[in-house]
Amino acid sequence: KKPAYPIAYWSHSSLLAYLRNPLAWYKRYVLKIYDTPRTPASIVGSAGHVALEHYYGGFSKEQATEVGLEYVRKIADFEINFGVARTRAAKKAKRESMEREYLQAIAFYLARAPKHMVLGIEARGMAHVPGLKLPVKAVSDLVVKSRRTPGAVDIVDHKFVDSFSKEGKDKTLFMLQAVFNYYTVQELYKLPIDRFIVYECKKRKNADGSAQLKRYVLDYAELGESF
């Protein structure tokens, strides 16, 4: 039987991809062709997520860092968008630069890693939302006990960035992601959800010596319009 819709669910990344470029979205999410090389920045960010997944899962800082580094090294050349780096030597230099950037970024985060009472790591969920024809899907980096509201949970997301978001907690991406993750975490844990917390870790050292980690808190009680 032919499905009623070309996709089985919406994710916040799929929705943003559609809004940016419907043709590219169709290729990836409908035809499921994944041949677009990834940028070095996205690979460094993914490696950071892998490291933090293991760190909050019980690994030491050193062990978690090594797992993330291994992730970077296992990415094949054809999967990377090297930009103007065409020669073998140039590509090797770019890969070494990616490793340095990853090691510096994860060191910044782990130097003062936020502490949480963790309930879930990389919590993947699907939820049916009243009024929507397709379910929504999301992955939550961490689901943690709320320190503010007893019996409730917070959702934590990590981002490795070149610069901090100017819009702060009002950034559209944060609000959209918060809404998607709200429904999936609610479906998974059946508990009240208090806040969506985003940690941005700046990959390059601040010249003025200011903190490399910035925290944004979205209170679900204030996000009615976003829903």
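**Figure 1. Packing of helix α1 on helix α6.** In this predicted model, helix α1 (residues 12–20) packs with helix α6 (residues 172–189) at an angle of about 135°. Their axes lie 9 Å apart. The angle makes α1 oblique to α6, because only angles over 145 degrees count as roughly antiparallel and those of 65 to 115 as roughly perpendicular.

**Figure 2. Residues at the contact of α1 with α6.** From α1 come His12, Leu15 and Leu16. In α6 they meet Leu173, Leu176, Gln177 and Phe180. By class, this contact has 5 nonpolar and 2 polar residues.

**Figure 3. Order of elements along the chain.** The chain has 6 helices and 5 strands. From the N terminus on, the elements run α-α-α-α-α-β-β-β-α-β-β. The radius of gyration is 19 Å, close to the 17 Å given by the globule rule for 227 residues, so the chain is as compact as a globular protein of that length.

**Figure 4. Extent and surface of the chain.** Along the principal axes, the C-alpha atoms fill a box of roughly 55 × 45 × 30 Å. The accessible surface of the chain comes to about 13,300 Å². Carbon and sulfur atoms account for 55% of that surface.

**Figure 5. Burial and contacts within the chain.** Of the 227 residues, 43% count as buried. Contacts were also sorted by separation in sequence. Among those between residues at least 6 apart, 66% join residues at least 24 apart.

Definitions and conventions. Residues are numbered from 1 along each chain as its sequence is written. This is a predicted model: local features need pLDDT of at least 70, side-chain atom pairs count only at pLDDT 80 or more; totals for chains, interfaces and linings use all residues. Side-chain values use heavy atoms; hydrogens and water are left out. Axes are lines fitted to C-alpha atoms, for helices over the stretch in contact, and angles run from 0 to 180 degrees between N-to-C directions. Helices (H or I, at least four residues) and strands (E, at least two) are DSSP runs, numbered from the N terminus. Angles under 35 degrees count as roughly parallel, over 145 as roughly antiparallel, 65 to 115 as roughly perpendicular and the rest as oblique. Contact means heavy atoms within 4.5 Å. Ala, Val, Leu, Ile, Met, Phe, Trp, Tyr, Cys and Pro count as nonpolar, Asp, Glu, Lys and Arg as charged, and the others, Gly among them, as polar. The radius of gyration is taken over C-alpha atoms; the globule rule is 2.2 Å times the number of residues to the power 0.38. Buried means under 20% relative accessible area, exposed over 50%, partly exposed in between (1.4 Å probe, protein chains only). Accessible areas come from the Shrake-Rupley method with a 1.4 Å probe; for residues, only the protein chains shown count as cover.
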